[in-house]
Amino acid sequence: MALQTCGLMSFDSLSFRKCLGRFATGVTVVTTRVEDRIHGMTVNSFTSVSLVPPLILFCPKNGTRTFEMLKSSGVYAVTVLSGEQAYISERFAGMLTDDADRFAGLGHTPGPLTGCPLLTGCLAHLECRLVDHHRAGDHNICVAEVIGLSAPGEGDPLLYYSGNYYQFPDRILPRPIAAPARKDL
Ligand SMILES: Cc1cc2nc3c(=O)[nH]c(=O)nc-3n(C[C@H](O)[C@H](O)[C@H](O)COP(=O)(O)O)c2cc1C
């Protein structure tokens, strides 16, 4: 089902992108397999949706090859990248050598449940079964049920913020137990 937009914009698309960029995310690679062909793309629109049943989503742009393939395979895997893997993110975003095999020289194993490639040396893997996809403007919302997972990595995550990569700052904030006092009261 296509989601409708109202079209009452009072801003340009650059401002929209800049504003959205202020939301920091992790970085994942979504992979799929159709028969012998494997492919994948860098994704930061990944998010959890439901615990019971276990659902996640990501939003691929219309026409991305990964999206076209996973509609046909019905399965995909999500690999969560670690702080040292910005080069993997760039490669799966087609920024390095788009015509070459994106997996070349990288360790990966077929997921035991889906056969989709799981990249090695990463923080976590989820194997998923596509449940539904909705057209939403120039992107799509792909909802999937998680059918297998592993979290082999202990490292720090790769972060993406305002168009730049960051590594986790070595600073854990104490969880606030009260709102700070307002100076203007
Ligand atoms: C950090 C980062 C996050 C990205 N997140 C998304 C995303 O959530 N959805 C999307 O459609 N493209 C996203 N992209 C762009 C795709 O990775 C890129 O268009 C890719 O080449 C699509 O591959 P494909 O068409 O071969 O499947 C992102 C790129 C980067 C660098």
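Five aromatic pairs occur in the structure, where rings of Phe, Tyr and Trp (its six-membered ring) pair if their centres lie within 6.5 Å, with planes under 30 degrees apart counted as stacked, over 60 as edge-to-face and the rest as tilted. The model is a predicted one, in which local features need pLDDT of at least 70, side-chain atom pairs count only at pLDDT 80 or more, and totals for chains, interfaces and linings use all residues. Residues are numbered from 1 along each chain as its sequence is written, and side-chain values use heavy atoms, leaving out hydrogens and water.

One of the pairs joins Phe 58 and Tyr 76, whose ring centres are 5.1 Å apart with planes at 75 degrees, so the arrangement is edge-to-face. Because Phe 58 belongs to strand E5 and Tyr 76 to strand E6, this pair ties together parts that are 18 residues apart in sequence; strands (E, at least two residues) and helices (H or I, at least four) are DSSP runs numbered from the N terminus. Phe 58 is buried, at 0% relative accessible area, where buried means under 20%, exposed over 50% and partly exposed in between (1.4 Å probe, protein chains only). Tyr 76 is likewise buried, at 0%.

Phe 92 sits in helix H3 (residues 86–92) and Phe 103 in the loop between H3 and strand E7 (108–110), so parts eleven residues apart in sequence are tied together. Phe 92 is buried at 1% relative accessible area, and Phe 103 counts as buried at 4%.
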